[in-house]
Structures are given as structure tokens and as C-alpha cells.
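Look through the sequence and the model below.

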Amino acid sequence: ALSPPTPILAPPHPTAMAVSAGQRVQLLLALVLELWSLGLAAEASWKPKTSVAGKSIYFIVTDRFARSGQNANNYEYCDLATEPDPRVPNGGAFCNGTLQGIIDKVDYIKGMGFDCIWITPIVKSMDYTGYFAEDFFEVEPHIGDKQTLKRLSDVLHQNDMCLILDIVANHVRPLIAQTDYSPTAVKTYLGVDTINPFNRTEYYHTYGKLPTTTFKDHVLGGVAQASSSQGSDAVLQQRLKLGLVECGPAHPNLTQCNCFPGNQGSACPGYNHKLQVEGWFGQLGDLDQSHPFVKQQLLEYVRYLVREYNVDAFRLDTAIYMEKDFLTELQHAAGVDIFGETTVNNLTYHASFQKGVLTGLLNFPAFYTVPDSFCQYHLGGEIGDYHLQGAFTPALPDLQKLGALMEEQSRPGLYEDLDLLANFADNHDEFARLTYYCDKDESRLKNVLTWIMLARGTPVVYYGTEQGLLGHQANVMEKAALQKEGKRDKGQAYVRESLWQTRYNTSTWQYSFIRQLNDIRKQYNLQRGKQRIYMSGANQLIFSRTPEGADSDDDEVWVFLNNKQHWSANSPLLYCVAPDSNKAWMDVLTGDMATYSNGCFVAPDGRPKILVRHPQSVLLAPLQKLTSFSGTSVLLVAVVVLLITNVVTGCTLWKWQRRKQRFNELSESDESEVERG
């Protein structure tokens, strides 16, 4: 087994050593030099990694993806939720997905064309998610061991794929267990003694703790919550009514009408940065990264993972709840890309985490606009009101929101690297899976998937999308129904359901479509490069991608998206911002040539279109020019081609008949000559 580095021990009690002041200085100097040399050795032990910018990522909840060994043929559905007391039998809600299971399904993932996989934390944890860490330097036994993790990394690299690990540096497991989630639940203090390496109470934030209160009593009495750090939605609502504040995608500091983290000033008064950093999530012990020992161990932790498992990148949980100075050091120590979980709607604040802090960010501002840009779903709430969260809405979707936000994010100087913005449409935390919130509408789903895969950035697809999984958290009405029936609300576990019941079907339209989009990204070199937003309206979004280093308009790839429902998707659509109609363009999704009417691109249906330049034949040029004056261009092209084909065929037949006649005449002439002889 691979051995973790030996943790640096906490300093001994003052009475344990009796030395002179001079000796103490010498010892301190020696310790500093030793730590410095260890740091240099650690940084020299791994080689710089190639960036994963623009690579497509398949995100997996390890415990729910694939079983192995004696459970390999057990296809029973599982969506267990962690118990209030994870110490009870299977209180951690393990469904028995494993690292070996992922290894066994690498071909399944590669078959969709993905470049990387991102897996949930592998640390020894109190539950299936990996976010309840008990030992940072051990692998959770339910999912595998160190050798299997190393083997997974090797198999991925042998297949020219990369490994992205999810890590948590903000907190550890809960420090309290309870009998249930009711206000009257009996709570048991678990302490920190068994958490490696953070086994002392001094390693944790204690915001608001009185000097006379013990750490145990502080925790049992209710710790300050990070969620309470946000500004006042009530004030925001008042100021919106008075016209003093505006919000929405075109307003970079308030792209959603909510006081999210980082929103402050007159629009969201009361924002508390210190509480955001030092507040806890529920009962999860919140680490104090300003403590030298905590910081040193976390920096060594990321070095260790890269060194031992050849990790290509990290996804960093709850990134905005740690100080930027620490995040900068963590990024430097890792030496590979880190995608920070930055759950904010303020573009200026969001982009600040890429300004010499982390190399990559999860693109939450764009994600928050997707459900009501393409579909008709309340993902979140307006102005702090979440009673409609998770409900479908009669309000029509509006792509102007997403287009305006993409335009703003493309503003020069805002972000350090747009290719390291991870674009996604759902995940393991948010309220519903993509297929559910788009109501299984194939046309809308294809448009969303095309946006994920072709918008500038690093595309992330959540496992199960290719099988049409429908997981979603309970909305207000569903919660009431569960309570009435005496059933437990499983919360986020509903969107972390197992995949094995699908038998990993590779014939679904989603599996094939994702593979096709990945192929297009690679064929046209769209991993990196420029993006231009041409038009965004209520029902249409038109943008283009140009590969890095390309400077010709002929290299431009045009993407046409809409939010039409499937029942109307077979009707033609006019896109009146389109590439030059004097050139030949082809939809690479279908292989069909683009047709025009009065300069507008005529799409035969509402499915997404991706146009690229096509080498134009001599015959096609005049035909395409001719048909640009009629709305019935497709039919006219077919008729003209048919007529020309008939003429050419007729001429060929006539020539063949003339040659045959001449041959017969010559044959008869030869026979007469023989007879005369």
C-alpha cells in the first residue's frame, strides 16, 4: 500500500522542553529551513501538468455509478440518503459503487468521447458522498483502496483520458450525530479525535464562541452558519420596487435577483465576509486554514494526491468559503488545474477567483440561467423566495438571459481564461437533473447539450444524462405529500441515484448525441479558441467558435440554438443572423447543406444546427445562389438537381445509342466486305 506522508506533529507543550533562548532560536531556524527544504523537495517531485482547459468531462458520483466483484450483476436501483446518525448500520447510505466499477466501464465512458472523468472525493468518509472526511490520507474502503485508485489513474491515462479528483479543504465530517432531523432530536457530540490529521479543536473555526464556552458546548449549542453571511433579500426587493437597483444577466454584479455570496453594497446590505469564511455548513467541522498546521497539511494533501495518483486536475468543493490567499497557495501547491465550486451570481466576484487565485471555475452564473432559458422550470428562487423551487412554470423560456450573460463573460479582461470555465446543466447538488427539468423534451435537451459542449469553456456532463435519468429533489407539494405518507424526504440523494439499473445502454439517442458532439469538438479543434455571440432572443441563440490560432472566417463554426418544444420542433426555423450565403455551409450534425431565404439560414427543424464551411462544387454554387430567393429552397434545389440529372442521363443515353448504331453500321459494312471477298 502507498504510505501517506507523515503529518508534522503539533508543537510540544511548553513544559516538555527546557532550553535557553539561544537554543530556541537555533531550533526554530532549523525547523524553518527543514520545512523550506521539504517544500522544495515536494514541489520538485512532480512534473508540471498539461492544462485540462477545454477537455470534456464526465462527472461521476463513485458510489452510484458501477458496482464490481460479487455485486457486479446486482442491478437493483439505489438512492439511499445518509442517516442523521451515520454510525448506525449503513447510516452512510453506501450503494456499493466502486473505483473498480469505474475501471470496468472506462470503455462505456470513452465510447461517448469524453476526455476526462471527475469523481467524488475518495477520502475515508462517514458517508457515500466523500464530503464527510474522517481521514484525508486514506481511501474510503467501501469504494476501494489505494492500489485500485492508482490502477484507475493508469487505465485512464492508457486510454488518453485524464483523472479529476473532487477535494474538500473547507470542512470535515459532522461533529454531531442526531436521532432525526426534527428540532427535538437528541444530539450526540462526536468530537474530532478520530479525524486525521485534524484531531484538535484548535484547528476549527469558532465564530461567535464565548471565551468561557467549551468547544463541545459551542458545537452542541449551535454554530454560526455560513449561509447567514448573505445580504438582505428584503432590502433588495424594496430597492427593486423603487427602481433603485436592476438585476439580470446584463448586470454583471447581480445576474440573478438574489443576494448570493459576494453581493454587497446598497443592493444587498448586511453581507458578512468573515462569517462566510468562518461559518459552518450545518454540523460539518469548518477548518481554519489560517492555522499553520491546517494550512500545511492541506497543501501537502494536494501534493500527495498528484504525486501518488498522477491526478490531472481537481474540483475544489465550497471554494468561496475560504480566503483567497489560502486558495492561491493551494493552487500553487497542486501544480495542476483546480476548478473551484463558486456558487455565486456576481460576475465580478466570480471572476475574481480566477485572478491569480484558481486556474478554473465552475460556471455557476451561466448554470443558473439554463433551466429557464431552454426549459420551463424554477431551479431556484426570486429575491430569496424559494417556495416555487422545483416547480414547472407556464412562463415561456427566454434565451436572452443566457446570451446576455455569455456576452458579458466574454468581455475582455473580466476572466483570466474562459476556456477554464466549466459549463454544466445539472449536478449532484442542485435541484433536478437536466432530463427532468426539461420534461424529457428531446428537442430542448439536444439544444442544452449542444450549448454545454460547444460554448466556450470546459464542458461537464453529469453521469446518467446519457440514460435520461430523472432524479429531482422534492418541491413544496412533493414534500407535503411525503410528510403525509410518513416517508422521508431524501433531499439531494434523489439526484444521486444509481446508474446500473440502465445496464449501461449504448443505444440511447443521448449516448449517441453526446458522442457526436464530442467528435465535433475534436474534429474542428474547439477545445480552445474564440467565441462570438451574434444574437440572442427569446427563442434563439446564435454564437460561433473559432479554433485557437485560426484567423480565417472559413474556420468559424456557427452554432444555432433554440428553445422550441419537441411537438413543434419539426417546423422550419429562420435564423436571420447567419454566415455568408455566397459560400457553402454544411450542418455537421446531419450532413445536410445549408439553404437560405433572403439571406436567412433556413433550418428544416428546431433541433440544434452546427454549420461549418464546405468545399463547394461548381454545380452547387449557382444552385444555392438561385434558391436564396425562395422560401421553398430545399424543394427547388431538389427539382433543379433532378432536372439536370435527367438531362445529363438523357445525353448519356443518346450518346450510347449513337455509338451502338455506329458500331452496328460498321459491323454490317465489314460483313459485306467479307462476302464480296
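**A walk through the predicted model**

Leaving aside neighbours within four places in sequence, S498 is in contact with R64, E76, Y77, C78 and L469. The model is a predicted one. S498 sits in the loop between α17 (476-484) and α18 (509-523). Is S498 buried or exposed? Its relative accessibility is 0%, so S498 counts as buried.

Now step back to the whole chain. The protein has 677 residues, and buried residues make up 53% of them. It holds 20 helices and 22 strands. Take the contacts with a separation of 6 or more: residues 24 or more positions apart account for 72% of them.

Next, the cores. In soluble globular proteins, nonpolar side chains tend to be buried together. Here the largest nonpolar core has 152 residues. I119, F198, F314 and W451 have the most contacts inside it. Which helix gives this core its largest share? Helix α9 (residues 292-309) does, with 10 residues. Another core, of 11 residues, lies apart from the largest one. L573, A594, A603 and L611 are among its members.

Residues up to four places away in sequence are not counted here. F198 then touches F136, V172, V192, Y203, Y204, L287, F293, V294, Q297 and L298.

Turn to helix α5 (residues 146-158). At 1.5 Å a residue, its 13 residues should span 18 Å, and its end C-alpha atoms are 18 Å apart, so the two values agree. D145 caps the N-terminal end of α5. A side-chain oxygen of D145 lies 3.3 Å from the backbone nitrogen of Q147. After α5 comes D160, with a positive phi near 55°. Which residues of α5 are buried? They are K146, T148, L149, L152, S153, V155 and L156. What do these buried residues pack against? The helices are α3 (99-104), α4 (106-110) and α9. The strands are β2 (116-119), β4 (133-139) and β5 (162-167).

Strand β5 leads on to β10 (residues 313-316). Four bridges join β5 to β10, and the two run parallel. I167 stands opposite L316 in β10. Four bridges also join β10 to strand β11 (residues 337-340), again parallel. There F314 stands opposite I338 in β11. In a regular strand the side chains alternate between the two faces of the sheet. Both faces of β10 are covered. A313 and R315 are buried on one side, F314 and L316 on the other. F314 is also one of the residues with the most contacts inside the largest core.

The relative accessible area of S352 is 17%, so it is buried, the cut-off being under 20%. The side chain of S352 reaches the backbone oxygen of Y349 at 2.5 Å. Not counting residues up to four places away in sequence, S352 touches K324 and V357.

Move on to an open sheet of five strands. Its order is β15-β16-β17-β22-β19, and its pairing is antiparallel. Which strands form the edges? They are β15 (529-536) and β19 (585-587), each of which pairs on one side only. Neighbouring strands of this sheet are turned by 25° against each other on average, direction ignored. Three bridges join β19 to strand β22 (residues 609-613), which run antiparallel. Within that pair, W585 stands opposite R613. Helix α14 (residues 400-409) packs on the sheet, touching β15 and β16 (540-547). The direction of α14 makes about 140° with that of β15. Helix α16 (residues 442-454) packs on the sheet too, touching β16, β17 (557-562) and β22. The direction of α16 makes about 145° with that of β17.

The last stop is an open sheet of three strands. Its order is β18-β21-β20, with antiparallel pairing. The edge strands are β18 (573-575) and β20 (595-597), each pairing on one side only. The twist averages 40° from one strand to the next. Three bridges join β20 to strand β21 (residues 600-603), and these strands run antiparallel. Y596 stands opposite F601 in β21.

Notes: Residues are numbered from 1 along each chain as its sequence is written. This is a predicted model: local features need pLDDT of at least 70, side-chain atom pairs count only at pLDDT 80 or more; totals for chains, interfaces and linings use all residues. Side-chain values use heavy atoms; hydrogens and water are left out. A nonpolar core is a set of buried Ala, Val, Leu, Ile, Met, Phe, Trp, Tyr and Cys residues joined through side-chain atoms within 4.5 Å. Buried means under 20% relative accessible area, exposed over 50%, partly exposed in between (1.4 Å probe, protein chains only). Contact means heavy atoms within 4.5 Å. The expected span of a helix is 1.5 Å times one less than its number of residues. A polar contact is a pair of N or O atoms within 3.5 Å; within protein, one must be able to donate a hydrogen and the other to accept it, and residues adjacent in sequence count only if both atoms are side-chain atoms. Two strands pair if DSSP finds at least two bridges between them. Axes are lines fitted to C-alpha atoms, for helices over the stretch in contact, and angles run from 0 to 180 degrees between N-to-C directions.
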